[in-house]
Amino acid sequence: MMNLAERHQFILSRLQRDQYINVVDLCKELKVSSVTIRKDLKLLEDKSLLFRTHGGATVNNPYTVDRPVNEKEKLQSTEKHKIGIAAAGMLNDNDSIVIASGTTVLYFAKNIAPAANLTVVTSALNVAFELMREPSIEVIQLGGLLRKSSSSVMGAYAEQVLQDFYFNKLFLGVDGIDLDFGLTTTNAMEAHLNRKMIAASQRTIVLADSTKFGKRGFGKICGLEEIDHIITDKGISEQIVKHLEGLGVTVTIV
């Protein structure tokens with residue numbers, strides 16, 4: 001059996017490889033109790049070597065903060081562009097889709113083929129502006145309370161309008177994807193609108209770069225079992241991919 005120092009080295013090495021570790025898995029691999037593992041994780045967190053989460057730990061701070069859309073657009077721009085291209089490739093002629101807010105879905109909108117014959121409903125003003133120049137794309141902009149930091153609308157009026165539609169696909173951006181807690185955003189009202197979008201859609205496709213995994217925002221959107229597909233970049237760990245696929249979620253890595 002490993003001593004304290006050996007366990008800590010094992011935990012940190014596994015974190016470096018997988019980005020996220022689970023208490024249950026560590027108990028099995030190290031043959032110790034969950035109480036011991038939780039004490040180990042707390043000691044390592046006190047040394048600022050990891051961040052504890054519900055049921056495990058991560059190398060990244062799991063708590064997201066709200067940032068202006070023009071600032072977020074510059075982060076992981078190469079990865080977001082590739083994700084946007086892959087998402088655009090999932091569209092079919094005559095699709096009726098809903099696009100939520102976020103910088104990754106904006107990259108998706110920028111990569112939609114000009115000849116695409118689509119009906120698009122969106123809460124994002126920047127997405128609507130991007131698509132309004134295409135004559136073959138009918139754009140319906142939701143109304144409501146303007147959230148300036150995300151260049152999007154939210155609230156009861158936007159949710160009410162969604163009741164009149166049903167979509168082939170929802171393309172959803174998020175601020176955090178936690179294996180235990182699910183999908184989150186930094187704003188509770190936006191999270192509620194996102195849930196309404198999921199209920200109105202046949203398929204939910206999440207567009208998220210790999211830095212979003214292991215993080216949580218203030219408002220929960222839904223559990224991982226409620227989505228169908230995630231498009232992300234190669235920074236995602238193999239462990240997270242296996243967990244998602246075990247829940248029936250298709251994972252596309254670009």
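# Strand pairing, a helix contact and a buried threonine

Strands E4 (residues 96-99) and E5 (residues 118-122) pair in the parallel sense, with four bridges between them. This is a predicted model. E4 also pairs in the parallel sense with strand E9 (residues 167-173), over three bridges. Antiparallel pairing occurs too: three bridges join strand E10 (residues 176-178) to strand E11 (residues 182-185). Helices H1 (residues 4-18) and H3 (residues 34-46) have axes that come within 11 Å.

- Ile97 has Val120 as its bridge partner in E5.
- Ile97 also has a bridge partner in E9, namely Lys169.
- E4 and E5 belong to a right-handed β-α-β unit. Its helix is H6 (residues 103-110).

- E10 and E11 form a hairpin. Three residues lie between the two strands.
- Gly176 is bridged to Thr184 in E11.
- E11 also runs antiparallel to strand E13 (residues 219-222). Three bridges join E11 to E13.
- Across from Leu183 stands Cys222 of E13.

**Thr122 in E5**

- Thr122 lies in strand E5, the strand that pairs with E4.
- The relative accessibility of Thr122 is 0%, so this residue counts as buried. The cut-off for buried is under 20% relative accessible area.
- Leaving aside residues up to four places away in sequence, Thr122 touches Ile99, Ala100, Val127, Ala128, Ile140, Gln141 and Leu142.

**Contact of H1 with H3**

- The axes of H1 and H3 cross at roughly 75 degrees. The two helices are therefore roughly perpendicular to each other. Angles of 65 to 115 degrees count as roughly perpendicular.
- From H1, the contact involves Leu4, Arg7, His8, Ile11 and Leu12. From H3, Thr36, Asp40, Leu41, Leu43 and Leu44 take part.
- By class, the residues of this contact divide into six nonpolar, two polar and two charged.

Terms used: Residues are numbered from 1 along each chain as its sequence is written. This is a predicted model: local features need pLDDT of at least 70, side-chain atom pairs count only at pLDDT 80 or more; totals for chains, interfaces and linings use all residues. Side-chain values use heavy atoms; hydrogens and water are left out. Two strands pair if DSSP finds at least two bridges between them. A crossover is right-handed if, with the strands pointing away from the viewer, the path from the first strand over the helix to the second runs clockwise. Axes are lines fitted to C-alpha atoms, for helices over the stretch in contact, and angles run from 0 to 180 degrees between N-to-C directions. Angles under 35 degrees count as roughly parallel, over 145 as roughly antiparallel, 65 to 115 as roughly perpendicular and the rest as oblique. Contact means heavy atoms within 4.5 Å. Ala, Val, Leu, Ile, Met, Phe, Trp, Tyr, Cys and Pro count as nonpolar, Asp, Glu, Lys and Arg as charged, and the others, Gly among them, as polar. Buried means under 20% relative accessible area, exposed over 50%, partly exposed in between (1.4 Å probe, protein chains only).
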